[in-house]
Amino acid sequence: MKLKNLRLIAALALFATVLGLQSCNGEDPKGPDCNIPNADLSYNLNIKQIIDNQCISCHAPGSGVAGAVGDFRNYAGLQAYLKNGKILDAVVNDKTMPQGGGMSQAQRDSINCWIASGYPE
Ligand code: HEC
């Protein structure tokens, strides 16, 4: 009887773990899966270059573009929009940015994986 109970508890625990993992994947706020190793991505190594080329013509003080929020010229200026998920949405999920297009999927993937790994500087 005791052994049976233990088996039941073990089975339930396994079941709960599987369910937990599944719901975790389902609610992942970090966008699509990525397969670029974290160590290959950092702001200074490769992301700044992308943002400089694709974003700061509008997202910087004095650009004259109405509604282009923030100052994306440096790491500090990006923080608020990384934390609230707006950059992930605009660049990776919805692809509404850069306005006018012109960003490769590889660049979007890099930004996705960089954000997923905690956007290291
Ligand atoms: C040609 C100008 C232009 C470029 C280039 C551009 N943006 Fe934008 N962006 C805008 C404008 C205008 C808005 C406000 C209107 C809108 O949301 O569509 C905006 C809105 C946003 C928002 C939403 C802000 C909010 O609070 O909802 C984010 C995030 C954003 N841009 C990120 C980026 C990133 C990251 C890049 C580079 C990959 C980029 N943008 C490139 C013009 C631009």
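The model is a predicted one. The chain holds five helices and zero strands.

**Overall build**

- Read along the sequence, the pattern is α-α-α-α-α.
- The chain has 121 residues, and buried residues make up 18% of them.
- Take the contacts between residues at least 6 apart in sequence: 58% of these join residues at least 24 apart.

- P98 sits in the loop between α4 and α5.
- Is P98 buried, exposed or partly exposed? A residue is buried if 20 or more other C-beta atoms lie within 10 Å of its own, and exposed if 12 or fewer do. P98 has 19 such atoms, so P98 is partly exposed.
- P98 and C55 lie 43 residues apart in sequence, yet their C-alpha atoms are 6.3 Å apart in space.

- K95 has a phi near 55 degrees, a positive value in a residue other than glycine.
- K95 is placed in the loop between α4 and α5, the loop where P98 is also found.
- K95 has 13 C-beta neighbours inside 10 Å, so K95 counts as partly exposed.
- Y119 also has a positive phi without being glycine, here near 35 degrees.
- Y119 belongs to the segment after α5.
- With 20 C-beta neighbours inside 10 Å, Y119 counts as buried. The cut-off for buried is 20 or more, which means that Y119 qualifies.

**α2 against α5**

- Two packed helices are described by the angle between their axes and the distance between the axes.
- Helix α2 (residues 43-54) packs on helix α5 (residues 105-116) at about 125 degrees, with the axes 11 Å apart. This angle makes α2 oblique to α5.
- The crossing of α2 and α5 is left-handed.
- Which residues meet at the contact of α2 with α5? From α2 come N46, I47 and I50; from α5 come Q107, S110, I111 and W114. By class, this contact has four nonpolar residues, three polar and no charged ones.

**α4 against α5**

- Helices α4 and α5 pack at an angle of about 150 degrees, and their axes are 9 Å apart. Angles over 145 degrees count as roughly antiparallel, so α4 is roughly antiparallel to α5.
- α4 passes α5 in a left-handed crossing.
- L88, V91 and V92 of α4 meet R108, I111, N112 and I115 of α5. This contact of α4 with α5 divides into five nonpolar residues, one polar and one charged.
- I111 of α5 takes part in the contact with α2 and in the contact with α4.

**Loop between α2 and α3**

- P61 lies in the loop between α2 and α3, the latter spanning residues 75-83.
- With 9 C-beta neighbours inside 10 Å, P61 counts as exposed. The cut-off for exposed is 12 or fewer, so P61 meets it.
- P61 and F72 are 11 residues apart in sequence, and their C-alpha atoms are 9.2 Å apart.

How values were computed
Residues numbered from 1 in each chain as written. Predicted model: local features only at pLDDT ≥ 70, side-chain atom pairs only at ≥ 80, totals over all residues. Axes fitted to C-alpha atoms, helices over the stretch in contact; angles between N-to-C directions. Helix = DSSP H or I, 4+ residues; strand = E, 2+ residues; numbered from the N terminus. Parallel < 35°, antiparallel > 145°, perpendicular 65-115°, else oblique. Left-handed = near helix turned anticlockwise from the far one by under 90°. Contact = placed C-beta atoms within 7 Å. Nonpolar A, V, L, I, M, F, W, Y, C, P; charged D, E, K, R; others polar.
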